[in-house]
Amino acid sequence: MTESAPVPESMTAIVIDEPGPATALRAATVPVPPTYIGEVLVKVAAASVNPIDTKIRSGVSPTSKALDYPAVLGHDFSGTIARAPYEAHPLSDGTEVYGMTRLPRYSGSHAEYVSAPTLCVAPKPQTLSHVEAASAPLAALTAWGAVVDVARAHHGQRILIHAGAGGVGQFAVQFARFFGAEVISTASEDNLEFVRSLGASTVIDYRATRFDDELSDVDVVIDLIGNVSDDTGSRSLRVLRNGGLYINVPTGSFPTMADEADSAGVRATRFTLTPSGEVLAKITRLIDQGEVRVHIDKTFDLMDAADAHAAVETGHTRGKVVLTLATS
């Protein structure tokens, strides 16, 4: 832990003036965000770009309508506490942390500084660099919520996880494996061995094989795709055992889920992330113990945020895309 430098009044951030394509992102000088009771200010060393960030930027997400423009996007980050809630707080000035903030209530993390509730922040894993740590919070917390809190992964359970090579998928596969479930996953041919290395016992090349032709009597499906691609959600219901559980993660990706699940005789629920520093601390322990690892697909300088968004929008990244700050 080191003493933090004085906090300036303004900072460099990547902003949008209105929803639009990746090229709408621009660098700007904006005020450093304030902090209030129960919040910390973090000097950002790295911040990841998630699919939700591209959806907000493009106007697809309802969050776009609630933003104050020009808006700073970005959810998760890794960095150093620049302003603690009070002198003796456990997250004191100079502490290396990682976590996430929530748009639109807070300004985003694609900036030199970000403010966040202490309940959404935890000390950074000692075994990870800031770039690696920045890739984890949103994706890992989403995976934990779906796998541990909702699916209640355990020995003897068969769990199918779609898109196992993606940002959330890489953590979902590892968590399900850690808690003893038999993990089945879908991925592209290039990612089959990668997903096996994460702990999946069976990985299906979704381009070459229809997973619903190969699988049956699955206990849980964690769907990170939905019906936006090849009716993945509807087809997933067919592979579940009677009374099995389908968990849909991407918001708005399967509007007819409830009716279709009822007709198929299975249970279904949507999942929405609730950030938790307490859960993040549990994930930290698994990372530092070597039980869970992170994978970075690409890194970009903060000034190249448009290229990072474009990379995420291909839908074919392995692991996460991360922005780095040269001044950190």
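Throughout this briefing, buried means under 20% relative accessible area, exposed means over 50%, and partly exposed is in between (1.4 Å probe, protein chains only). By that scale P104 is partly exposed, with a relative accessible area of 36%. The model is predicted, so to speak of local features we need pLDDT of at least 70, side-chain atom pairs count only at pLDDT 80 or more, and totals for chains, interfaces and linings use all residues. Residues are numbered from 1 along each chain as its sequence is written, and side-chain values use heavy atoms, with hydrogens and water left out. Helices (H or I, at least four residues) and strands (E, at least two) are DSSP runs, numbered from the N terminus.

- P104 sits in the loop that runs between β6 (96–100) and β7 (113–117).
- Contact here means heavy atoms within 4.5 Å; leaving out residues up to four places away in sequence, P104 touches T63, A66 and L67.
- From P104 to A47 the C-alpha to C-alpha distance is 17 Å, and the two are 57 residues apart in sequence.
- H75 belongs to another loop, between β4 (71–72) and β5 (76–83), and counts as buried at 6% relative accessibility.
- The side chains of H75 and D53 are joined by a polar contact of 2.7 Å. The term covers a pair of N or O atoms within 3.5 Å; within protein, one must be able to donate a hydrogen and the other to accept it, and residues adjacent in sequence count only if both atoms are side-chain atoms.
- Beyond its neighbours within four places in sequence, H75 has contacts that include I52, I56, M100, L103 and L138.

**Salt bridges**

- There are 13 salt bridges in the structure, each being a side-chain nitrogen of Lys or Arg within 4 Å of a carboxyl oxygen of Asp or Glu.
- D17 pairs with R26, and their closest N and O atoms are 2.8 Å apart. D17 is partly exposed at 41% relative accessible area, and R26 is partly exposed at 35%.
- Where do R196 and E193 stand relative to each other in helix α5? They are three residues apart in α5 (residues 192–198), which separates them by about one helical turn.
- The R196 and E193 side chains meet in a salt bridge of 2.5 Å, N to O. R196 is partly exposed, at 34% relative accessible area, whereas E193 counts as exposed at 56%.
- R235 and D212 also meet through their side chains, at 2.8 Å from N to O. R235 lies in helix α7 (residues 232–239) and D212 in helix α6 (residues 211–214), so this pair ties together parts that are 23 residues apart in sequence.
- Are R235 and D212 buried or exposed? R235 is buried at 4% relative accessibility, and D212 is buried at 18%.
- R235 and D212 belong to a salt-bridge network that also links R210, D230 and R238.

- An open sheet is formed by three strands in the order β2-β1-β4, with antiparallel pairing. β2 (26–31) and β4 are at its edges with a single partner strand each, so one side of each is left without a neighbour in the sheet.
- Two strands pair if DSSP finds at least two bridges between them; β1 (residues 10–16) and β2 have six, in the antiparallel sense.
- Within that pairing, M11 is opposite V30 of β2.
- Helix α10 (residues 305–313) has A305, A308, H309, A311 and V312 as its buried residues. Down the axis of α10 these fall within an arc of 160°, so they line one face of the helix; the arc is that of the directions from the helix axis to the C-beta atoms.
- Among the elements covering the buried residues of α10 are β3 (39–49), α1 (51–58) and β16 (320–324).
- G315 follows α10 and has a positive phi, near 75°.

**Nonpolar cores**

- A nonpolar core is a set of buried Ala, Val, Leu, Ile, Met, Phe, Trp, Tyr and Cys residues joined through side-chain atoms within 4.5 Å.
- The largest one has 49 residues, and I161, F171, F175, I222 and I283 have the most contacts inside it. Helix α3 (residues 137–150) supplies the largest share of this core, nine residues.
- A second, separate core has 30 residues, including V40, V44, L67 and L323.
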